[in-house]
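Here is a friendly note to read alongside the structure. Take the points one at a time, and keep the view open as you go.

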Amino acid sequence: MNTNDAASKLEALGNPTRLSLYRLLVKAGHAGLPVGVCQQRLQLAQSTLSFHLKALIQSGLVTQERQSRTLICRANFEMMTALVGFLVDECCADERCQAQTPGAA
């Protein structure tokens, strides 16, 4: 993942409604949730939910699958892992490796 990819995914999560929706889907696990259940749990109008789902789907963070007449939404856990990995890959890389002792200069 590069900086532009990460930025677009973080931008999609930068809205409180989309972040709540994404967290709901992450909590649901690999089984996902039907659109109607998402709508009910978040108490959103259908058009509002559709708008926010579209942004998450376009970013690659969420997938949808039709099962008969039901749309199942799922968090894309591979993409989530890649995004989190991008954020922490170089964590503390510029710090000195030796432990700091109090009072040491």
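1. Let's start with V84, which counts as partly exposed because its relative accessibility is 44%. The cut-offs are these: buried means under 20% relative accessible area, exposed over 50%, and partly exposed in between, with a 1.4 Å probe and protein chains only. V84 sits in helix α5; helices here are DSSP runs of H or I with at least four residues, strands are runs of E with at least two, and both are numbered from the N terminus.

2. Before going on, please note that this is a predicted model, in which local features need pLDDT of at least 70, side-chain atom pairs count only at pLDDT 80 or more, and totals for chains, interfaces and linings use all residues. Residues are numbered from 1 along each chain as its sequence is written, and side-chain values use heavy atoms, leaving out hydrogens and water.

3. Which residues form a nonpolar patch on the surface? They are L10, V84, L87 and V88, with about 340 Å² of accessible area together. Areas come from the Shrake-Rupley method with a 1.4 Å probe. Helix α5 (residues 77-88) gives the most to this patch, with 3 residues.

4. Finally, look at G60, in the loop between α4 and β2 (62-67). At 19% relative accessibility, G60 counts as buried. G60 and A12 are 48 residues apart in sequence, and 9.7 Å apart in space, C-alpha to C-alpha.

Notes. Patches are made of residues with over 30% relative accessible area and no salt bridge: like charges are joined within 9 Å, nonpolar side chains (Val, Leu, Ile, Met, Phe, Trp, Tyr) within 5 Å. A salt bridge is a side-chain nitrogen of Lys or Arg within 4 Å of a carboxyl oxygen of Asp or Glu.
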